Each structure stands twice: as C-alpha cells, then as structure tokens.
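Look through the sequence and the structure before reading on.

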Amino acid sequence: MASTPASSLLNFAVRRCKPQIIVPAKPTLHDLKELSDIDDQEGLRFQVPFIFFYRSHPSMEDKDPVNIIREAIGKALVFYYPFAGRLMEGLNRKLVVNCSGEGILFIEADADVSMDQLADTIQPPCPYIDELLHDVPGSSDILGCPLLLIQVTRLTCGGFVFAIRLCHPMSDSFGLANFLNAVGEFARGGASAPSLLPVWQREILNARNPPRVTCVHHEYDVDSNNISFMTLHQDNNMVHRSFFFGPKELKSIRKHIPLHHQKCSNFEALVSCLWRSRTIALQLDPNEVVRLSCTSSIRGKPGKLQLPLGYYGNAFALPTAVSRAGLLCQSALGYAVGLVTRQKTQMNEEYIKSVADLMVLKGRPHFTSIWNFLIADVTRAGLGDVDFGWGKPIYGGPTGAIPYIISIFGRFKNSGGEDGIVVPVWLPQPVMGRFEQELSKMTQKPNDDLNGVENTKIFSSML
C-alpha cells in the first residue's frame, strides 16, 4: 500500500513571529457562562487541531492574508466573545467560561515552500503540523488558557496555510465552522455582522431535573478488566497513517454487502469495513468485547429539540455498536453493517438528553477506550467552505487522528482530481500492516493482484 516515506518529506524552514493576543475589536460583555452538560464531559477535555490550505488568487495578489485574517478575527470575536475568555471550574468541576476578553493566541509565519511542492502531503496526517501550528508553551491546558490558537503561514507561491487549535469543550466542528465563516465574511469585506449570528443557549443541552438515564450507553461502559489499548501496546511503535476512499473504493466495499443491507449509506458501509478490518488486525481473543462509537449530531434531527441555527456548542453523542471480536471478524461484512445501521438510528432527542443526565449522575465519565474505535465525521460540517477571500481551501479539516482510538473523517481531493474521504488512523506498526492488508481485500476488484497494492487508489501516508 503506497505510503510516504520519511526520506521523501520536504525540508523547509518556517519563520514564526512572536505569538500575539487578539482581543475583540470592540468592548464586549464580561460575564460567566456555563457550558452545557454535553460540552462538559471528561472525554471532550482536549484540544483539537484543524488545518486549511489556500492557493494564491489573482484578485488577492497584493493582499496580505495575515493582516486581513488577524483584523477579521478581532471583528468576529465581538460576536463570539466567549472564545476570547478562559475556562474555569465551578461547583463539582462544572466548566464555566469567564468571558474576560483576554483574547486568543495568533501566530504570523512564513514558509519557504510552495503549495505545489506540498502536493498530497497536505492530507492528514500532515507531517509538518508542528511547524504550521506551533504549540505555544503553556497554552495547551483546558483551564486558564486561550481557547483558540491560530497560525497563518504565508507560502512562496502566494498561497497560505491557516491552522487552528480549538478547545473542544467550547465547540464541535459545526460550531467551529460557524465561527470561521464569520471570520471569512469580515475578511472578504463589507460585513458589519455575521450573516448567521451566534447563539449560546447552552442550557438547551443541560441535564433534566431530575436527571434520568433512559437509554443504554455502551460508550461509557466500564470493563472489569480495565485494560486500555495503550497499556497493551505501550512497547510497540505506533504509526499514524491515512487512507483515501474515492468512488471506486466505496463501490468495491459495497460489493461485500448483502442485498438486504444495500440501502445503507456510504458512511455506514465505510465505517463497518474499517471497524471489521481493524478488529481483525488487532488479533484479539474471540470473546473480547469490541465497540464502535460514531459521533452523531442532534442538529437537524426531528423532534421538539430544535437547536437554533447559530448554536455553536457541542451537539453530538456517541451511539455505540457492540460485538464479540470473534463474531465480528468471522462474519461477513453484512453483520457489521447491521450493527452500525442500528446504532445510527439510536440518535434522537431522548438519547442526547439521556447522555446529559448520565454526565450529571455519573460525574461526567470519559468514554471507554477499551477496544473502542471512535469515529468523528466532519465531512458535513462545512469546513471545506471557509473562504477568507482566496476562495475555498484545497483542503480544510482535521490534521489527523486523535491518539490513539479516534479517527476523524474529512473530505479530500487527491492530486488525481478524485473527491473522496480521508481517514487517519493510529495503530501499532505490526497491527497497521495487517489492517492495510484487510482493507486491500475489501477495496480491490476480484481480478486485482493483491501483491500490487500500490496500483489501488487507496493510499496511506505516515507521520
């Protein structure tokens, strides 16, 4: 399976200016705002990075993206002023935003490389992320730190890279897209306010009074063995690779699905294939319980719980499919598809309210990491539409997987012009080899030569 060896990676310099603080362009309210009980769960207390690559544009030839975006951020923060604050803990570790107006971190940078030189290496996992999104010392904690870190890096071709690190309790990918689109509207000029005004109203997704868990939540199961993925593989070399699935790969996967499951979506077919292939590669005891947790948004779902369009908090849950490892591995793909499709139908108003209630009753537990494969789908969040005046990004989305069990689906167009889904994965090196072999079996045509894996359109890149 084609991979990007370390020897082929580009060697280029990035010159960064001293990090600076951007505050709202006008005075804002100084108040305290509680996060929702969906925002405020242990499993979301981390920073998540995203990256956007923009080509030069003739109409913007004499414009500086750093100055334009920096000014636009200040204007957007007037409306999204909680982002300029700091998180603190209240009673029982409840997360609260101190809307202090202290601002977000911003880094100006230049790199002596062009977009054409970067080519397909911009797909996650981007091997240059540490240079394109500098981790400012002391900025990565959840409490008392800036809630956004942004770096804009000019390229020699006139293009640029926009990278952002989000404090996840504040927002999900849809909420981040809302903020970045507001920045884009100010950057393009003429806007006095975002066309979609932000809505806080985090109380909508708070626990009920009294709280009551009414659904089964396998994503928070506690296993008596309590052996984590990393405990078992701490001596192995972990590798980070991504896999591209275009129309041909998805068509090949669907050929393994029986007729009575053919109505499943491409997402359900793909995650079923990934889950089964990953479990086979792990070579677990057949009686081991394995899980698949997929983010499912409440946005747009029917029911009384209709979130306002401008709501930018976390609005998803993690309905989870469960199976014995042996049954998942030995059964045809249709078995996994059946589990995944049933799992996706669980998500509704009652389910996410039950999660909020569980957070309050159980002390905001972390989702289980015991043989769990967690998939976050951001392909519909609108990140690929963020336009600062240079048009849409040639890639806009996650920088890679979240170590070590979370894969984030993003949209990507490869150098051959194919649109598809890119999936980054972390696995121990020997497991990754077996995982690639299983995926090859599922994505090749019957007459493909399994030894000629490089001829397939699925490819991987190593960090």
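A salt bridge is a side-chain nitrogen of Lys or Arg within 4 Å of a carboxyl oxygen of Asp or Glu. By this rule the count comes to 24 salt bridges. The model is predicted, so local features need pLDDT of at least 70 and side-chain atom pairs count only at pLDDT 80 or more, while totals for chains, interfaces and linings use all residues. Residues are numbered from 1 along each chain as its sequence is written, and side-chain values use heavy atoms, with hydrogens and water left out.

**Asp357 and Arg208**
- Asp357 forms a salt bridge with Arg208, and their closest N and O atoms are 2.7 Å apart.
- This pair links distant parts of the chain, 149 residues apart: Asp357 lies in helix H10 (residues 349-361), and Arg208 lies in the loop between helix H4 (173-188) and helix H5 (229-232).
- Helices (H or I, at least four residues) and strands (E, at least two) are DSSP runs, numbered from the N terminus.
- Asp357 has a relative accessible area of 0%, so Asp357 is buried.
- Buried means under 20% relative accessible area, exposed over 50%, and partly exposed in between (1.4 Å probe, protein chains only).
- Arg208 counts as buried because its relative accessibility is 16%.

**Glu108 and Arg70**
- Glu108 forms a salt bridge with Arg70, with the closest N and O atoms 3.5 Å apart.
- Glu108 is in strand S7 (residues 104-111) and Arg70 in helix H1 (residues 65-79), so the pair links distant parts of the chain, 38 residues apart.

**Asp40, Arg45 and a network**
- Asp40 forms a salt bridge with Arg45, the closest N and O atoms being 3.3 Å apart, and both residues are buried.
- A network of salt bridges links Asp37, Asp40, Glu42, Arg45, Glu89, Arg93, Lys94 and Arg364.
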